[in-house]
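Dear colleague,

Please find below the structure that I am handing over to you.

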Amino acid sequence: MFRYLLSWWLLLVVCTAWGQAPADLANPAKPAPKRQLQAVRIGTAPKLDGLLDEAVWQTAPIATKFYEREPTPGREEKHPTEVRVLYDDDAIYVGAIMHDVAQDSIFRELSARDNIGNSDWFGIFIDTYNDQLNGYQFLLTPGGVQIDARQSPANGDDRDWNAVWDSRTALRGTDWVAEMRIPYSAIRFSKTTEQVWGVNFGRQRRSTRQTFFWNEVKPQVDGFVNQWGTLTGIHDIKPPLRLSLTPYVSSYVNHYPYNEQGKKNTATSFNGGADIKWGINESFTLDATLVPDFGQVQSDNQVLNLSPFEVQFNENRGFFTEGTELFNKGGLFYSRRVGATPLGFGAVEAQLRPGTRTADGRRQGGEYVVQNPGVTRLLNATKISGRTSKGLGVGIFNALSNDVYATVQDSTSGARRDVLTQPFANYSIVVLDQSLKNNSYVSLVNTNVTRAGSTYDANVTGGLFRFANKANRYALDGRVVYSRRRGTEFNSATEIDDQNGYKYYLSLGKISGNFTWNVDHGIESRTYNPNDLGLLFANNSISQSVNASYNIYKPFWKVNKLSTYGGLNYSLLERPRRYQDAGVYMGANTIFTKSFLFVRLNIDASPLTRDYFDPRREPIGKYYVRKPATFGFNGNFSSDYRKKFALDVGYGARFFANDGDRTGRDGFDLNLGPRYRASNQLSFVYQIGYGLRRNQIGYAGSLRGNNALDAPLLLAFGGPQGDVLLGRRDVTTFTNTATATYTFTNRMSFNIRLRHYVSNVHYRDFSRLHPNGVETQEPAYERNRDNTFNAFNIDAVYSWWFAPGSQVSIVWKNASAAFLESNAATPLYFDNLSNTINTPHNNNVSVKVLYFLDYLAIRPRRT
């Protein structure tokens, strides 16, 4: 199987190379020459109206003759773009005219901020330190929607970053005009008298799905910022005092039908706090949030988790997504750890006083949980970040969380007591990142968690580097990380057993050109654990891989471009040194020329592998679950989003070899995503997903001594750390998500999102897992382990940006979740939907107002 897959991939590479023009094969993948544009100083700021009719605009040199990047790289634009740049002591001004055929050719769907939608756009890209690694992006659609982002090696295009700037657009005949005012307070630059910035301008014509750049951006060249031109002529400007305060007030009404005597179904709360931004100097900015309120963020997509690893959720809190490119270096920071579920959240039940009987036989009630907060409320969080004129980036992050307590009550006397579930904690990160020539860097990252009381603290330190050659064709990447934990487990006298751990990774490859390749090798020790402030699913591994890709970027035959890739991987346990898994994969994706249909297909195969983590037994290596040889494919296709109706389809299937008398193991996935754009203001998206896993073998759950059906097996298996109960099961999952968006203006929108998720697990039979992967049947085990998990959420958000940086948001959240076990579990979808609708729901309505106060705007003016 491996030989056949590799042969097919090599044949695909040869065929695609044969179909490409010889001139393309000879392309040395050199960046285009850097073009220059001069900015013009002005004394009086132009009126921001999208007209560009002031005489001062005519004094500025014009940047024109843009080059296409997609779908045909290198072609000059047919419909010219004209850009001019002005500046004064407070801001830079960008005026752009985008010529077109007719107004009907100018797509201008309205959307929420930072969402382009089905629209044209114009943008300016600025590298204020000219380090060819980091930059700013300011984009504008014909509908006036603003999109801003930070560009960095760690985050790529980070649209979670938001700045406060002003802009106007206008339609003028067959053209559209964009006018921007970007205050110096929105960017960072050095104090040097003569400023030389990297710059580029971009434009998208959505009607033809073409993207253009003033300084040509070649897809064969690795990197984006390093392919920008140069902006000159800016001199004698000073970085302003960047000081802003964004206070907020919020109010919540929460309703849950407890329907218990003495317990209110409705609760209200009122909150207040502020975000502060202070430019410490021209390079560094302090961001702080005081008494933050994240209650309005989008609900997490809850799922049934049968794996031994935690579920990774998206970060939706603005403070932890904006301007975090430095903190994400090396992947050591998982921001959901800050304010996460308390350490002792799941251990409260074990600390309850059980019920007893008195001497006269009367029942004496025990304790029950009244309240157990699932999140840790932050006291504050602070970031300091920036980059010096010498290219040294510095990032410092700190957050504090207070003690968290669960409340339990005696069912007889009514007396209550508090149980500590999370002690006071300090989270901190320090990053030093030095930019080097040739798109290279070296970095040092340290994360630390210090907790009060008798529990453990954690520290992780990592060194990272990337060295590319002068031609930017080859690069060596690497990292070395050391994790250190000291203390005892929470609410225990047991010492932490993974006190010291390490990880290293090396990668060498060809990074530019049509043909690229990469080889890598890495080790994560058995005791490597960065999870107190990072995220690692499995350690204790030695892994290596080889991969290559061949890409055609210019249209040929009936496609716009073609990407092919393939590779091999192999891994071992680090301790004990035992085989873990291996695999081969290949794939391709393309976009068809006329229909703009995107198609992707992946194929992979693996021999017999060993899962050492699913048994949940320490030390790792003694027990493992056998996974037979497997072959799978998956992919997706998407129709043209320019059409009012578009469709996304995802698919996948996996087949396993027979494993003794266990046959018929396979899996299937199908996802459909129709979307309809009723107008430039109203759109609908529906997604339905179906997944089936048949005859899956996996961990069936822990055995409990207080269960009559479990107790005999627990004794025979040798106790909680002995042999493991496995189950052969079918898992069926449905996910339905519907979203409707109405955008009133470029500053006001309404969005509602409904999601229903249901996953059902049915066990066919059970087996006993012995050391070294040996399994024996347990036909006498009769406990019903079936289960069903339902989750339902509604998130409705009205948002109005009534002034730059100032917002009113009204949010309604409706949520319910149910975990059904044994005979209560049901495999029928509509039964689950009915149960979900009829179970108690938590309803939450909130109003939040934040107002942006800029010192430069409210300071007294000198006369």
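Helices (H or I, at least four residues) and strands (E, at least two) are taken here as DSSP runs, numbered from the N terminus. On that basis the protein chain holds 6 helices and 47 strands.

The model is predicted, so local features need pLDDT of at least 70 and side-chain atom pairs count only at pLDDT 80 or more, while totals for chains, interfaces and linings use all residues. Residues are numbered from 1 along each chain as its sequence is written, and side-chain values use heavy atoms, with hydrogens and water left out.

Overall dimensions and surface

The C-alpha trace of the protein chain spans about 100 × 70 × 50 Å along its principal axes. The radius of gyration, taken over C-alpha atoms, is compared with a globule rule of 2.2 Å times the number of residues to the power 0.38. For 863 residues a compact globule would have a value near 29 Å, and the 30 Å of the protein chain agrees with this.

Buried means under 20% relative accessible area, exposed over 50%, and partly exposed in between (1.4 Å probe, protein chains only). By this criterion 50% of the 863 residues of the protein chain count as buried. Accessible areas come from the Shrake-Rupley method with a 1.4 Å probe; for residues, only the protein chains shown count as cover. The accessible surface of the protein chain amounts to about 39,500 Å², and carbon and sulfur atoms contribute 56% of that.

A contact requires heavy atoms within 4.5 Å. Among contacts in the protein chain with a separation of 6 or more, 65% are between residues 24 or more positions apart.

As to charge, Lys and Arg count as positive and Asp and Glu as negative, with His and the chain ends not counted. Each charge is placed at NZ of Lys, CZ of Arg, CG of Asp or CD of Glu. The protein chain carries 95 positive and 80 negative side chains, and the centres of these two sets lie 3 Å apart.

Strand pairing

Strands of a sheet pair through backbone hydrogen bonds, either parallel or antiparallel. Two strands are treated as paired if DSSP finds at least two bridges between them.

Tyr87 stands opposite Ile92 in S5.

Strand S6 (residues 121-127) is mostly covered, with 7 of its 7 residues buried. Trp121, Gly123, Phe125 and Asp127 are on one side and Phe122, Ile124 and Ile126 on the other, and both faces are covered. S6 runs antiparallel to strand S12 (residues 194-205), to which 7 bridges join it, and Ile126 stands opposite Val199 in S12. S6 is also antiparallel to strand S7 (residues 135-140), with 5 bridges between them; there, Ile124 has Phe138 as its bridge partner.

Leaving aside neighbours within four places in sequence, Thr230 is in contact with Lys34, Arg35, Gln36, Leu37, Val196, Trp197, Val199 and Trp214. Thr230 has a relative accessible area of 11% and is therefore buried.

Leu573 belongs to strand S32 (residues 559-573) and is buried, because its relative accessible area is 0%. Among the residues it touches, beyond those up to four places away in sequence, are Asn540, Ile542, Arg578, Tyr612 and Ile620. Leu573 and Ser543 are 30 residues apart in sequence, and their C-alpha atoms are 8.7 Å apart in space.

The loop between S32 and strand S33 (579-592) contains Pro576, and the peptide bond from Arg575 to Pro576 is cis, with omega near -5 degrees. Another cis peptide bond joins Glu618 and Pro619, with omega about -5 degrees. Pro619 lies in the loop between strand S35 (609-611) and strand S36 (625-627).

Arg616 is also placed in the loop between S35 and S36. Although not a glycine, Arg616 has a positive phi of about 60 degrees; its relative accessible area of 29% makes it partly exposed. Ser822, in the loop between strand S45 (806-821) and helix H5 (829-838), likewise has a positive phi, near 55 degrees. Ser822 counts as partly exposed, at 29% relative accessibility.

Yours sincerely
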